[in-house]
Amino acid sequence: MSLSPHNSPLVTEEFVFESNRFPLAVKQLFGKGSPGRHQHEHFHEIVLIVSGSAKHIYGEKSYKLQPQELLISEPGMYHNYEECEFDYYNLLVDFNKLKLPLFDLPHTAGFQKLFVLSPRSHCNKKGKAVRNFLNAGEFAKAIELLKKMHDFQSRRENGYQWAMVSLFQAFMLLICQGDRQVSEQNQIQPTEIGELVGWLTKHCEKDWTVQRMCQASRKSRPTLFREFKKFYGVSPMQFLTNQRMRKACALLTESAMSMEAIATACGFESGTYFSTIFKKNMNITPLRYRKNAQNSSGALPDFNL
């Protein structure tokens, strides 16, 4: 049974994705009021404010939304709008059901800031919420893409789902790789951590030390550890180890490389040391992991990006 956000705190996928359960939808919400306090079942909500303003209550934070602002609501996170006098586009997507490969997009600073740092900053009582604004050019392009998606969705002609996915990819590229232009009152944003995370995931084989991480992110050691713990739940070095383990699992599954070669490719000084760290983190030896992977789907462990 579909549940409406007006009579339940849970907005279900059945209510949102009405057309053949296609897990991507766009809504033009112009001159609408608040749907009330609610959460989303398994999908993300990407909101672009077109005009006007509203008070947004999300997690532990509340603030006035402004035109050209982009906000992301995660599944299971309650939020609400009050004092609504605004127009906005609402893009709803279930990434798991859409099964659209993101490839290296999550490694970009933009993706990290939008989909990791910003939502998690709203859950913390201390510190300012991380907010996101499009510049004038990005805003115009984003509106154009969302309008086209909405038009295809409204007509529902053959091929409209393919067209919507193509436009969604362009939209994601725009918001994740654009040059964020931030209003003056929102200057305090840990974008340097997002940049560092991108480097750690893409170049985990490099000789990263805490000192080098501090230099790359322009953070002091205490601030670096505090923000990694706050946004990713682990220390910077454990985050790096997780990325090396993820890469090692991929190479063990998808290649015939020797332990020494994999160790070098993942940033370990020797095959012996690699095997020790791998067993400590994965509770299995690399050789046993490779043998098991040959008899399974070889899915990678779900480490933090």
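**View 1. β4 and β5 pair in the antiparallel sense over five bridges.** Strand β5 covers residues 61-65; strands here are DSSP runs (E, at least two residues) and helices are runs of H or I (at least four residues), numbered from the N terminus. Two strands count as paired if DSSP finds at least two bridges between them. Look for tyrosine 58, whose bridge partner in β5 is lysine 61. The two strands form a hairpin with two residues between them, and glycine 59 in the turn has a positive phi of about 65 degrees.

This is a predicted model, in which local features need pLDDT of at least 70, side-chain atom pairs count only at pLDDT 80 or more, and totals for chains, interfaces and linings use all residues. Residues are numbered from 1 along each chain as its sequence is written, and side-chain values use heavy atoms, leaving out hydrogens and water.

**View 2. The largest nonpolar core has 34 residues.** Such a core is a set of buried (under 20% relative accessible area, 1.4 Å probe, protein chains only) Ala, Val, Leu, Ile, Met, Phe, Trp, Tyr and Cys residues joined through side-chain atoms within 4.5 Å. Leu24, Ile46, Phe168 and Met172 touch the most other members. Helix α5 gives the most to this core, with 10 residues.

**View 3. Methionine 172 and its contacts (heavy atoms within 4.5 Å).** Not counting residues up to four places away in sequence, methionine 172 touches Ile46, Phe95, Leu105, Phe111 and Phe115.

**View 4. A second, separate core has 19 residues.** Among them are Ile193, Val197, Cys204 and Leu240.

Conventions:
Buried < 20%, exposed > 50% of the residue type's maximum accessible area, 1.4 Å probe, protein only.
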